[in-house]
Structure formats: C-alpha cells, structure tokens
Amino acid sequence: MGSKNQNSPLKYIKSSQFVRSVFIRIAVIFMLVLIAVVAIVFSSFTTEINKSLISEREKQLDVMENTISKRMAEVSSIAYSIGNDTSFFLESPDKASYYGYEMAETMKRYLIGNDFIEYLAYYRLSEPDTIYTSKGEMSFKGFWSAYLGLNEDSAEKYISMTQSVTKPGVRFMNFESTGKAYFSYICPLPQFSETPQAFVLMLIPFSQVEPIIESQLTNCSGEVAVFDSSGNEIYRTGNLEEGVPVELYTTENGESFMHDGKRFVVQKKISENNSWTYVSVIRLNDIVSRVAVKQLVFIALMMVLMIAAVFVLLRSVVKQYKPINELAVGLSSESDDGKEAGAVIDEKSLLSDKFAVLKDDSMQKQKFEEAYYAAEAANKAKSAFLSNMSHDIRTPMNAIVGMTQIALKHLDDPPYVKDCLQKVGVASQYLLDIINNVLDMSRIESGHFTLSQDVIELPRFIGRIITVLNQSLEVKSQRLIVEVGDVSDEKIIGDNVRLTQVFMNILSNSVKFTPNGGTVGLRISQEASEDEGFGNYVFTFSDNGIGMSPDFVQKVFDTFTRDEKSGISKIEGTGLGMAIVKNFVDLMGGTIVCNSKPGEGTVFTVRMHMKLAQGSDENEAEDYTDTSVLIFGDEKRVCDNQSRMFESVGAKTDCAFSLLDAVKLSSRAASNGKPYKYVIINQSESDKSGIRAVAQLSGAALGADATYILAARDMFSVERSSAYNAGIAAFVQIPLFKSTALSILNNTVKRQDMTDNENTVKLEGAHVLLVEDDKINREIARTLISETGAQTVEAVNGREAVDAFREHGEGYFDVILMDVQMPVMNGYDATVAIRSIQRADASSVPIYAMTANTFDEDVRQVREAGMNGHLGKPYVPSELFELLANAVEQGGGKNSI
C-alpha cells in the first residue's frame, strides 16, 4: 500500500509547486467552462432541434422536387420530340401498318435510358379505335384492359379523359383492380392547340417516386402534397389520424400554425422547371420530446466523457512529469544548503521543453491532416468530373448509335442517309476531342508530357485556326475580328499542335459562351525582347459573351471544375479545356491571365517568350514608296489594320468603306496620273467572292496594271472560278500580316487553284503495302487509298508484311503504311526486319506508322525504329492523301504529284 501511495498522482501534486499552481488552475477553469457550456446547450436544445428538423426536411423536400422535376422534364422532352418526329403523323397515312411498326420501333428508342416510363403510347383522333405503343399496335380499349386491367366502363372513362385534353398535364391514376398507381402524362399534338389531333401518353409507376415522397415523413407525422402550376392537386398523402385542411397549405413557407392543439410547420418548394408546388406539413410536437430525451442522454454522456478526459490528462501530465520531479527531489536532497524539492532544477523550463516537443508533433500532425483533406477534396472533384464526363461521353455516343440505326432504316433515301452520317461525323469528332483532352490532362499530371520544336509560320497558323472556327461562327451568326499589331518576326519555334490546342480551346469557349450574333476577337502583337533570337508575343482573346463570376474566374484554370451557373452547366464540355490551356502555356514558359465580368464578356491574355526561327525576317530592300494601294471593305478596324501593314513597308494606302467612295477614289487617282496598282477587296456577306466590287471598280479608270486581290475570312465560301473570271488575281487570308503585304507588292502571292487539301491526289500506278490487323481500320484505309488510284497489298501482322516485301520485286512498293500494335510481330520489329533486308529499296522505301499513340515520345520511338513518320488514328483523309503524295514523291516513285 505504501508503495502505491508514494506513486499516486497526489504525491506529485503535493511535491511540485508548479503542478499545484498551474495544472490545478487549468483543470478548475476547464471544469467551469465545461459546466457553463453544458448549461447553455441544455437551455437551447429545443430551438436547435426544431431548426435541425426543419432544415433536414427542407433538404429532403429539395431532393423530392429535384427527382420528380427531372422525371417530368425528361417526359416532357420525349413528348415534344415525338411531336416533331417525322415518323409520327397527325393523320393516318396509307400503309398504316408499316408506319405503325416504324412508330413502335421509334418509341422503343425513346425509352432507351428512360426505363422509369412503363408505358409509352401514341393515339390520334383519326383512328379512334387504335393506339400505337412501344409494344405494337392495339385497340384503344384493349390498351386499358390488357395493360391496366380495366373493364369496359372504366376504359371509356379514361378514353374520354384522354380525348378532352387540350394542354400537356399530369394526373394521378390509381387502379384499384390491379393495385397499381401511375403518374400519367398526356401531351396533345399539336401542342397547346385548342383542337388537338393526336396525343402522346406516358404512364410512370408511382413506385418510381413513392420512396422519395414517403421519406419526407420518415420519423415524422404529417402530410405531403403536390400541386400543378394552376393550383390543382396532383397527389396527396400522409400518416396523420386527422387530416390537415387544404386551406392551411396556403401558409407562408417556413411558418408554423396550431391545428387541433398541435403545432405544425409548412414547407414549400416551387419547381423552377415546371412551376409545380411541393408542400409538406410536419407535426413537431410528437417528436421533440423523443429527441429531447436523446439530447439529455447525450449531454450526460458528454459530461462523463469530459470528466474522464480531465482525469486522463492529469494522469498523462503526472506520468510525463514523474522523472523530472524525482530528479529534482534527488538533486535537492544531495545539495548542501537543504533547499526544498524542485529548487535545484527549474521544473517549468523542463516541462516547457516537453510541451515544445508535443507542439512540434501537433504541427506535423496538422500538416498530414491538411494533405489528407486536400487529397480527399481532389478525389471528390475527380468523382464529380467523372460523373459529368460519363454524361458528356454518352451524349455523342447516343447520337452515333441513334443516327446509325436511323440511317440503316433509310438506305433508299441517300440525302437522308448523308444527313445522318454528317451528324455521326460531328458527334464522333466531339467524342474524340473529349478523349484527347482526358489523355492530355493525364499525361501532363503524370509529368510525362514533352513539347516538340516545330517551325510555326504565324500567317499560316492563324489561317488554319480561322478555317476550323468558321463553321461554328457561321452556325451562331458570330463575327471573328482578328487584328495584327506590330509583328516583325512571323516565324517562331514551338509545339505547333499544342499551341493550336491553346488557341482552339480559348476561341471555341468564346464561341460557345457568346450569344448568337456576338463578336469574338483575337489580337496578335510582338513586344521587344532582351534576349537575342527570341521574341515576346502577346495573344489577346476577347468576346462579348455571358462572362464569368469573380469566384469562378479564380478557379477557371483548375482541373475537374465546371461552372454550374444556370444555363451554363447544360453546355457540353469536358471541363478540362482551360486546365489544359494553363498547363500548356506554363510548359511553354508563358503566362495566361483571365479578366471577366458577368454579362460583359471575357478577355484572356496569353504572353509567350518564343524562340525565333532562322530566316524569319522578310526581305524589305525594295522601295514601294511609289506604289499606291486601295483597300475596300465595310469594317473600319479591318481596313485600318491592312493599311498599317502596307504602310509599314513603305506603300501608300487609301481606304474606302462603300463602293461609291471606292469609285470616286479610283477615278481621282487615275486622273492625277497615279492610279492604284493594287486593290484589296475585303470579303463581305453580300459579296463573298468580290465579283460585284470588281464589276463596279473596273469601270473607274484604274488602269491596265491594277491588280485585284480578294481578302477573305472564309476561303471555302468563295466561288473561285467566278471570281477569277470577274478579274480577281489572287486570294489572301484575313488578317493580313506584314509578309502578306510584301508578297502582294512583289507579286509573289500564289494563285490558288480550285482544289483544297480535302481533295484526293492522283497516284495511279503507285503500290502501297498496307499492314493493319484490325479489319475495319484496314477497310477504311483501303477505301481511302483506292480513291487516289494507288494499288494496295495487305498484311494483317508484321510477319506477313516482311514476307510480302520479300516476295515482291525491288522497287515495287512506293510506301508502306505500318500499324504498330499487332499480333505475331509488331510494327517496330517488322520495320527493323525490312530495313535489314539486303536489297537496295529496303533502306529507302518510306515507312509510316499508323497509330493512335501520337505523343512526342511515341513519335520518337517511331523514328528510332527506322520509320519516316506517323499517321494518327482515326484517319483524316486530307492527312492521309498528303502523306501518300509526299511519300511517293520522296521515294522517286513512278507518279508526279
């Protein structure tokens, strides 16, 4: 017993003035604070319980409204789509049975992904005894009896109800004979017509929404009701012995009232989608008491735990303090002056050191916790991203599958099939963009991404960007204004593909988030650089679109983020575009800044420090001071920009913004003996080929040497043969760069012929060895190659390719297209084997890889294996034709290109 008492905590409390003066005070204060907190919690728990209950039910009501509204929105969308579907007729056509089968097949497609709809039917007044369903054609009365078990009288009731509907609406149907309940949605066609001719009928089992509605009353007593936008009751349920009068539902949201001596609270939610009103009336009195008992038990348990915590803390401090105290007592007993225990060693300092160590441990723990929460937040963001991505991927996939099925049913209608295939192509490109973005982001985050070093000619680079973007701009009737500032070096070194992605991601976002008829801008300028051989370039992207909130501007470049503002979240997109832009700009050593205001548009400013390509300066030795140029167009900014380009090389310019002004200026210049040598005609909506402008100006005494140049935004909209016949000498792409102005003045602008990059080249007599293991890919490549007139020899693996090359004579093959990943022997090994054959053409025949792996490290591996280059999958016809033409010409083939 004595030993136990000597080691008890009381011994150290008595023997240490520090413990008595500090720790005991802290313990007393801690207990007083604990008691005060418990008292406050106990006195206010009723109010907090009510708030917590109401808050919980509000969230549940939101879930109920969101679930039902989504269902109704999807049902309404299906009804409106059927109303616009050419497969459905308001009047019964000839061959009704054939169209009935087509309508049934079409309705089956509408049910794909909408399995919450149990019955989908189409009924028209011109056939009062017939209804078409997704399961086939049947009589209208038979539909109600076969599907829902109604007798003849009950069926007549619902037939009359259906025929009397004049606007879309939802009704609650409870068929007691079968024990089934449905939400019925009936949509008259044409919609909102006073005399409808047909109806779309959908039955949604009440079991789809019943758990959501019933959950509102879990552990509660009350009622739940749903009213349509006109105030008509759609559905009402509850678990009260006594009902709640309907007039009490008009109480304001969140207000409470007394009914039969008991207190209720009303909660309302008006749907933004269909203006339905969701109301719950919850009785509070009968659950507060139960929760109060639980609260009291919780408070008591909390007090016990806190007291135990104080005791454990006391034991812990005593345990840590024990060796210090014993050492202090021992040294004190050995001292000559007989000081009391604790006088020799400063216990406070020793304990302070101990607490300092504990503090360091706590800070380290905090860092680990912060890292954990950051990782958890990233995982949640990625989960949200994958949820969005699954929707974005399904959207084009649904289009591809659906339009392919529709095309197969209309093989006898080529224009219809062509339209379907064009839509499949658009959806396929969108799906490919999604996949490319995900792959790019993955490689950037893994640190495996490298940049190539290509020579980029800014005029050609910007021209390609405009060409790709023109279709999207035309669809939304938007204008793209591109301005070129003081750019003296137009050839730079950089990654052409990634820089294109930066421009396209920003500009496509501008188009996407700018309303129809809006304006998108791009300005290019060059600033002085202190580093010789480098240039500082500024690319400013602007639009007058919807803009962004200040909060979202701060995270616009974050990974896995999308703006969830109303109306924006429905716009398709991966949510990775701007994150990829930011990473690419950072990898290139540049910066990007975003400025935006809601409703005023957005401006992205990209600054790049780029290496200049050798020979980038144009030869400006010739004197153009006696050369005059007339610039005609209807946009002052464009004309001013072009005028600045010509004047920067010494030429004199005049601008005309109407044909009348252009004719006057031309006549005056001719009468002064200084006619315009060049006339730049800017493309306009009313005169896309410049023909009308040439006809007007040609009679203005310009002189025989006047040269007409058409400056076009969209080269594909120009009728070139007509333009040539009218007098247009050449075409240039807007915007004009300094080099473009020089090429016009020194007559080096190339006359563009009627062909473009998409047209097939002629390679009759050439032989191509096509090595591809996938049957479909092989068929696609074979078909495209056949359009050039070249002949193909096919192999399905690397071993067959080597054997085919050996079997054919020397110089037979002009080019080899080699897949990379194949069974038996892959493309790399096959290339090595062909190159090692002792034959003159083995080392010189062009071999190109066909692979979906187009990253820089994959391209390097292709080169190291002895191949000449690569062709990405899926095949782009223009790229394949260009590769074949260059390969045949490089190999000195039998054809001239």
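**Note on salt bridges, cores and a surface patch**

1. Glu-156 has a relative accessible area of 33% and is therefore partly exposed. Its partner in a salt bridge is Lys-141, with the closest N and O atoms 2.7 Å apart. Because Lys-141 belongs to helix α5 (residues 140-148) and Glu-156 to helix α6 (residues 152-163), the pair ties together parts that are 15 residues apart in sequence. Lys-141 is also partly exposed, at 37% relative accessibility. The model under discussion is a predicted one.

2. A salt bridge also links Glu-527 and Arg-607, whose closest N and O atoms are 3.2 Å apart. Glu-527 lies in strand β15 (residues 519-527) and Arg-607 in strand β18 (residues 601-612), so this pair connects parts 80 residues apart in sequence. Glu-527 is partly exposed at 39% relative accessibility, and Arg-607 is partly exposed at 39%.

3. Arg-782 and Glu-794 meet through their side chains in a salt bridge of 2.4 Å, N to O. The pair ties helix α20 (residues 775-786), which holds Arg-782, to strand β25 (residues 791-795), which holds Glu-794. Shared partners join Glu-223, Glu-233 and Arg-236 into one salt-bridge network. The count of salt bridges comes to 14.

4. The largest nonpolar core contains 65 residues, and Phe-541 is among those with the most contacts inside it. Leaving aside residues up to four places away in sequence, Phe-541 touches several residues, including Phe-503, Ile-506 and Phe-604. A second, separate core has 42 residues, among them Met-103 and Tyr-278.

5. On the surface, Ile-29, Val-33 and Val-37 form a nonpolar patch with about 250 Å² of accessible area together. Val-33 lies in helix α3 (residues 17-84) and is partly exposed, at 46% relative accessibility.

Terms used: Residues numbered from 1 in each chain as written. Predicted model: local features only at pLDDT ≥ 70, side-chain atom pairs only at ≥ 80, totals over all residues. Heavy atoms only, no water. Patch = residues over 30% accessible without salt bridge, like charges linked within 9 Å, V, L, I, M, F, W, Y side chains within 5 Å. Areas by Shrake-Rupley, 256 points an atom, 1.4 Å probe, with all protein chains shown as cover. Salt bridge = Lys/Arg side-chain N within 4 Å of Asp/Glu carboxyl O. Helix = DSSP H or I, 4+ residues; strand = E, 2+ residues; numbered from the N terminus. Buried < 20%, exposed > 50% of the residue type's maximum accessible area, 1.4 Å probe, protein only. Core = buried A, V, L, I, M, F, W, Y, C linked by side-chain atoms within 4.5 Å. Contact = heavy atoms within 4.5 Å.
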